[in-house]
6 protein chains.
Amino acid sequence: MPAEELITPQSSLETSDDDEAWVWAQIKAEARRDAESEPALASYLYSTILSHSSLARSLSFHLGNKLCSSTLMSTLLYDLFLNVFSSDDPLRAAVVADLCAARARDPACLSFSQCLLNYKGFLACQAHRVTHKLWTQERWPLALALHARISDVFSVDIHPAAKIGKGILFDHATGVVIGETAVIGNNCSILHHVTLGGTGKAGGDRHPKVGDGVLIGAAATILGNIKIGDGAKVGAGSVVLIEVPPRTTAVGNPARLVGGKDKPSRHEDIPGESMDHTSFISEWSDYII
Amino acid sequence: MPAEELITPQSSLETSDDDEAWVWAQIKAEARRDAESEPALASYLYSTILSHSSLARSLSFHLGNKLCSSTLMSTLLYDLFLNVFSSDDPLRAAVVADLCAARARDPACLSFSQCLLNYKGFLACQAHRVTHKLWTQERWPLALALHARISDVFSVDIHPAAKIGKGILFDHATGVVIGETAVIGNNCSILHHVTLGGTGKAGGDRHPKVGDGVLIGAAATILGNIKIGDGAKVGAGSVVLIEVPPRTTAVGNPARLVGGKDKPSRHEDIPGESMDHTSFISEWSDYII
Amino acid sequence: MPAEELITPQSSLETSDDDEAWVWAQIKAEARRDAESEPALASYLYSTILSHSSLARSLSFHLGNKLCSSTLMSTLLYDLFLNVFSSDDPLRAAVVADLCAARARDPACLSFSQCLLNYKGFLACQAHRVTHKLWTQERWPLALALHARISDVFSVDIHPAAKIGKGILFDHATGVVIGETAVIGNNCSILHHVTLGGTGKAGGDRHPKVGDGVLIGAAATILGNIKIGDGAKVGAGSVVLIEVPPRTTAVGNPARLVGGKDKPSRHEDIPGESMDHTSFISEWSDYII
Amino acid sequence: MPAEELITPQSSLETSDDDEAWVWAQIKAEARRDAESEPALASYLYSTILSHSSLARSLSFHLGNKLCSSTLMSTLLYDLFLNVFSSDDPLRAAVVADLCAARARDPACLSFSQCLLNYKGFLACQAHRVTHKLWTQERWPLALALHARISDVFSVDIHPAAKIGKGILFDHATGVVIGETAVIGNNCSILHHVTLGGTGKAGGDRHPKVGDGVLIGAAATILGNIKIGDGAKVGAGSVVLIEVPPRTTAVGNPARLVGGKDKPSRHEDIPGESMDHTSFISEWSDYII
Amino acid sequence: MPAEELITPQSSLETSDDDEAWVWAQIKAEARRDAESEPALASYLYSTILSHSSLARSLSFHLGNKLCSSTLMSTLLYDLFLNVFSSDDPLRAAVVADLCAARARDPACLSFSQCLLNYKGFLACQAHRVTHKLWTQERWPLALALHARISDVFSVDIHPAAKIGKGILFDHATGVVIGETAVIGNNCSILHHVTLGGTGKAGGDRHPKVGDGVLIGAAATILGNIKIGDGAKVGAGSVVLIEVPPRTTAVGNPARLVGGKDKPSRHEDIPGESMDHTSFISEWSDYII
Amino acid sequence: MPAEELITPQSSLETSDDDEAWVWAQIKAEARRDAESEPALASYLYSTILSHSSLARSLSFHLGNKLCSSTLMSTLLYDLFLNVFSSDDPLRAAVVADLCAARARDPACLSFSQCLLNYKGFLACQAHRVTHKLWTQERWPLALALHARISDVFSVDIHPAAKIGKGILFDHATGVVIGETAVIGNNCSILHHVTLGGTGKAGGDRHPKVGDGVLIGAAATILGNIKIGDGAKVGAGSVVLIEVPPRTTAVGNPARLVGGKDKPSRHEDIPGESMDHTSFISEWSDYII
């Protein structure tokens, strides 16, 4: 993957084995450079990255160590993760797409290895991908035990049944809660404290359906089986109880559509990729006064 | 406890030894079934549930392992928890009522054992019950040390002095903050990121008093020594600085009563049990436009 | 530092070696008293406080144990922290000022040792001070690895490059997110779930600049390179996208200035120190109706 | 137990509850003194001794921590040990008698607490007492799992079925091997590298029977179902394949009786208590030249 | 492998995949039986045996956990062991032969699972087989690091270069030391504290060569590049500096051949399998008097 | 230190700062080479050696990690070791001399780093040097607690009061026991299972005094306050109860002097350095027949 393609991360949806190899080579090169410049970190970088022969092994090792507990041993988790990551090519492509998403969209992300090692949103999401696979295999108790560990360790609570696309950036990620029947499309960016929640104690399909390229600002709460259309944007701190059409912006508590519900303003960019959190402000200000 | 009674969890307030025995038998049966279907999890299920002779022992073991650190040893915590749980019947009844509340109200809760093992809200609440007992015994430093561990491990921060009733569901639970002089009644359901906070640096009685059967939506912030009446509901993302009368709903930032402050609408159900998060929407929409 | 000076913590900005010695003596006396009254906690108190010859050693030990992982060893972190704390007098003065801030402003803070041992906001902030120093030394990978551990362990996510003054109280602290180019002045009080966030994927100076003596209420979200003036106050749950002049209050979603944007009300006290969260309510109520 | 009785440890066979209380009081006093003089050790002394309400609890805690592994958790072992020690008075009397034996016979033993905390021979013997009880209850797999841990951790290998009396000193203890059908009387002293071994692959009664008051020197190997009479002595490095009559000494490889097999010399003292390892030298020298 | 063949363990040298499958099925059945009868041990048995799909995985997991340290992680060792055991059929056949040897020759060995889980001699030997493979691959530093861990954890010190056959029983095993150029044939039984040592500081071939079917008694010391012939026996506590011809017995310090060096007595059985430690006594007694 | 001087390790007694720097540079170079050739070990080598700025730090880290337990934390031990090693130049010179002794005398020792990381005899001896220093400072409880950890972890039991010279090689080391009043000179080599023991329960000066350049073979037992003269040799498996004059050899059980007690043979070399274990055999054979 040539560097310039990083600027068009939607291409990450078609990540191939070559992309994986390229990203893994980048990660090893970055880790080698960092180990040399910072001996205090070299042991950490060798154990997490440089001693491993593949991205799947490195990630399985890292997640196994982060999520293990005194009663759920690291080798068991390592085995489980490695087994899933090794055998599921699309899942591994999603891992690569998520690495590229963080690298491309988060200005604070200096390298792929930083994301692989440090981003709790990235790690929680990849661990979720494994719990989701277990869920589809009807291995519910194991999926739920892992789910609980992810919530304990990363403060990210994604129900194993939730469906999450590729090229996802969970930025900062602390406090994210995503319910059982939620769906998230590809190339979305979701900030910390975001809730995709249900509506009550009845079972069934009760959580939001988020399209492709959506940006959801920090601390937004979206409740119920409603659609957030492709390329939509939800402002930080919004409480969304209504459908949000494609390429429109919902803001406020309760959230309303910028431009009005009848003729909402439509933006041209894909907020999930452009990460433009605040461009609606002037318009909104007009609207709310 | 016959299964159908689960539908009327308010009865959980009168849990008896029989209920505890019945729930514990359920938990063991569930764990046995899961251990058989998922060998990878069997070791975990035996160490946390199946090797123990009582719910009190199982919970003490599980909490001891979750909350221990390199300087607060698991055996010390196990001893402490077991001592409290074994000797305090009402406290144990509250544990059982909380298990029943999760099972009855959370559609994602498939079994009692899932709640016992995996729900950080449940675990944080039971650990809080122990810190509260220590607090009433004026064992402040120990109570506060445990309080800090609960906040570190579960991201749930309940001051040891706060009083919490029975049949409580802390759903998802990450980010819950409950202050020193807060009180929560029975059969309440409280979502994640909820704050029951104080008003400043003066000491004294300064936190909310929440009645029975209250539902507090995700990310709601309630500040000051105000009453949230029995059966009231607080919408997700609300910032509540005013009293909320019984069986009324407060929403918005700042929160206002649905139906208006003079004649707020009254609902018939008990939101803490019905978990109806969003039925006020149509009415609210009318109100806010 | 005589006890009465605690009431005027702004003086904490001029903490001297004497202050450090005085606070450390207090901490040891408190720990000794607690160890005597609570044998179950004595081992913990000796290992974290009473066996150490200085505040720097005690804090380095405590942080090293909290932040270590199976791949980042406690002795490495201990060494790193001790090296920084021992050699950087202003940094150590900030530690002391933060201890005094918690003791003076948080009515639930009963002792310095409680803050030192238990306050995740205090601990995350001191660990951040070390990552910040590493960042200024261009030891980015190590700073970022530590940053990730702080976010995992305390659910407090402060970018190593963010600049933070002295006399800071991060109260409860869970969910705090502070971006790369954010700046926080002296004597501020910041509650849990507060975000000082950026505006998009462009790099550069993109986060809030918070003055001295500011109070930011729980779950407030402040986005973009905007100024929050000295002595300003941001209400709980507010979403702030505009500048907040000195000694004014911003509340609501989107946040507006109390008193109106043209002639905002000015308060006399320093909210970061007085911690008055809710005095604006009556005025606000007037404003919003 | 008055101090002078320590000189006549045979009385330890009649240890009573009073003796246990007296020894436990001594241990706590010693630990308190040491914690004061050595702050670096205070945490250790509080966690192992001073935070416990009884000798049984302290010993259970200490053994649980020493013998636990990543797959055999400390709380499980603590529970198991505490259950046995609490309920079995004679077993606890044997613990006390062993403490007194070390204190009285080993000139390097400065205090009871030193033996309780540091003597691997003492700790291995007490853990063996528990495995032996499990063995008599036909809980073989658990007894054997513990046996293996004792052998790993202390390099002391005593088969759970072996019967061991009271007032035993295993001095240094590394490398001791005691087979399934071995029996050891009261008030014996056994040095490191001693083997009480079998004779082949046939099952049945095949290990040595050691009487009361016997002293077995370092690295002595005693094989087969033979009697080592009351008050006998076996020289260091001896290989014993023959019966050793009461109050006689066997030395050499192969071991012969000092004084000749027909009229062996008889000594007056009780070697297991007097610990006289080498008084036979002159006589032996005569014999072997 | 039918049960009666266990009586002729020399056949273990031709262990096939069928034998491995049969032994592994036995082990699982034993573990299942023990888990049912002893709930306190069930977690341990599931994590070490019942959750694994093969003997190679179970053994790799168990050794990884036993030999890991804070600087050599369990997942790394697990991976390494699994890789070797999975890919090397003869090595795995040796594992099976060793299990059969313990089961057939040690009357205290009640089951295969007891040997797999508990016998430090068995575990040290299998770990050695892996270090030996690494040694032949010239991965010296890794082989030596593992060698050191084996010596720390099991007190069994076998140089990675030493060659060890199949069907070996290291009984009790504590203190065994085997030097770099030592060779051990098939079907040998070696007791604890046995040394196969060198002769000085010169390198080269300097350690004993032990044939097939040899029995070496406890605490025997054999020094130098000398041959211990097939079916020979070395008495407990012997110091052997001379060649021992096939089917003869060496005893004493210094060791001499039973029957005299010119016409040593020859025995008919294979001592490594019959485990007859002491039958030479009468003859020896004659000899030495 | 030029390489050829390694052949004359007696010079190690005059190790200077230059020697230490030279050995440390060798160790780092070896570790760097090994980390490159074996990525699986790189993390281990970085954490134990390559991340440290001095031999004292590396050794303190390694010992701290090996000897820590759940109740004696690694940072405490690290601090303690570093403090002693950093401040005591002669002690550090002894460390260097011991490294050189292993490298020069043990043909299986391929590098200094192998000794530093892997040799339990080396590690136990350096930890003993620290306990001995604590003992001379009358910090008995801490010295004895460490002594017990050394005995648990390495199966090497050296009383803190025992005095040990420089240039010592404890080869294999498992099972070594050295009593309270024992003294060992410089440039000695002592094999595994060696005992320098006492004579009974009376206190006072009761253990062997070993001169310079002595070689003590495996499993030798030396009892009582007797002198083993400079350059003497004790054969493997010997039981020594008599004085051994300088440059003579004692062998057998009981040990006699080679050449006879009146005119013992004198050898020219220094056995502690030449490591010639068996050259006396022919002479001995003559003697004993």
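Predicted model: local features only at pLDDT ≥ 70, side-chain atom pairs only at ≥ 80, totals over all residues.
Two residues are in contact here if their C-beta atoms, placed from the backbone, lie within 7 Å. Residues are numbered from 1 along each chain as its sequence is written, while chains are lettered from A and ligands numbered from 1 in the order in which they are written.

Chain A has an open, parallel sheet of five strands in the order 1-4-7-10-13. Strand 1 (157-158) and strand 13 (239-240) of chain A are the edges, each pairing on one side only. Pairing takes at least two DSSP bridges between two strands.

Look at strand 4 (177-178) of chain A: two bridges tie it to strand 7 of chain A, and the two run parallel. Across that pairing, Ile178(A) sits opposite Leu196(A) in strand 7 of chain A.

## Two helices in chain E

Over in chain E, helix 7 (120-136) and helix 8 (140-154) pack at an angle of about 170°, with axes 8 Å apart. Axes are lines fitted to C-alpha atoms, for helices over the stretch in contact, and angles run from 0 to 180 degrees between N-to-C directions. That makes helix 7 of chain E roughly antiparallel to helix 8 of chain E, a label for angles over 145 degrees.

Helix 7 of chain E brings residues including Leu123(E), Ala127(E), Val130(E) and Trp135(E), and these meet a set in helix 8 of chain E that includes Trp140(E), Leu146(E) and Phe154(E). The contact has twelve nonpolar, three polar and one charged residues.

Most residues other than glycine have a negative phi, and most peptide bonds are trans. Where are the exceptions? A cis peptide bond joins Asn253(A) and Pro254(A), with omega about 0°. Pro254(A) is in the loop between strand 14 (249-251) and strand 15 (256-257) of chain A. Chain F has a cis bond too, between Asn253(F) and Pro254(F).

As for phi, Asn187(D) isn't a glycine, yet its phi is positive at about 55°. Asn187(D) sits in the loop between strand 5 (183-184) and strand 6 (189-191) of chain D. It counts as buried because it has 27 C-beta neighbours inside 10 Å; the cut-off for buried is 20 or more other C-beta atoms within 10 Å of the residue's own, placed from the backbone.

## How F relates to C

A 180° rotation with 0.0 Å of shift along its axis puts chain F on chain C, RMSD 0.0 Å. That is the relation of a two-fold axis. The superposition is least squares on C-alpha atoms of residues with pLDDT of at least 70 in both copies. Thr75(F) comes closest to the axis of the residues of chain F, its C-alpha at 2.6 Å. Both copies use the same surface, with 100% of chain F's contact residues recurring in chain C.

Note on methods:
Helix = DSSP H or I, 4+ residues; strand = E, 2+ residues; numbered from the N terminus. Parallel < 35°, antiparallel > 145°, perpendicular 65-115°, else oblique. Nonpolar A, V, L, I, M, F, W, Y, C, P; charged D, E, K, R; others polar. Buried ≥ 20, exposed ≤ 12 C-beta atoms within 10 Å, placed from the backbone.
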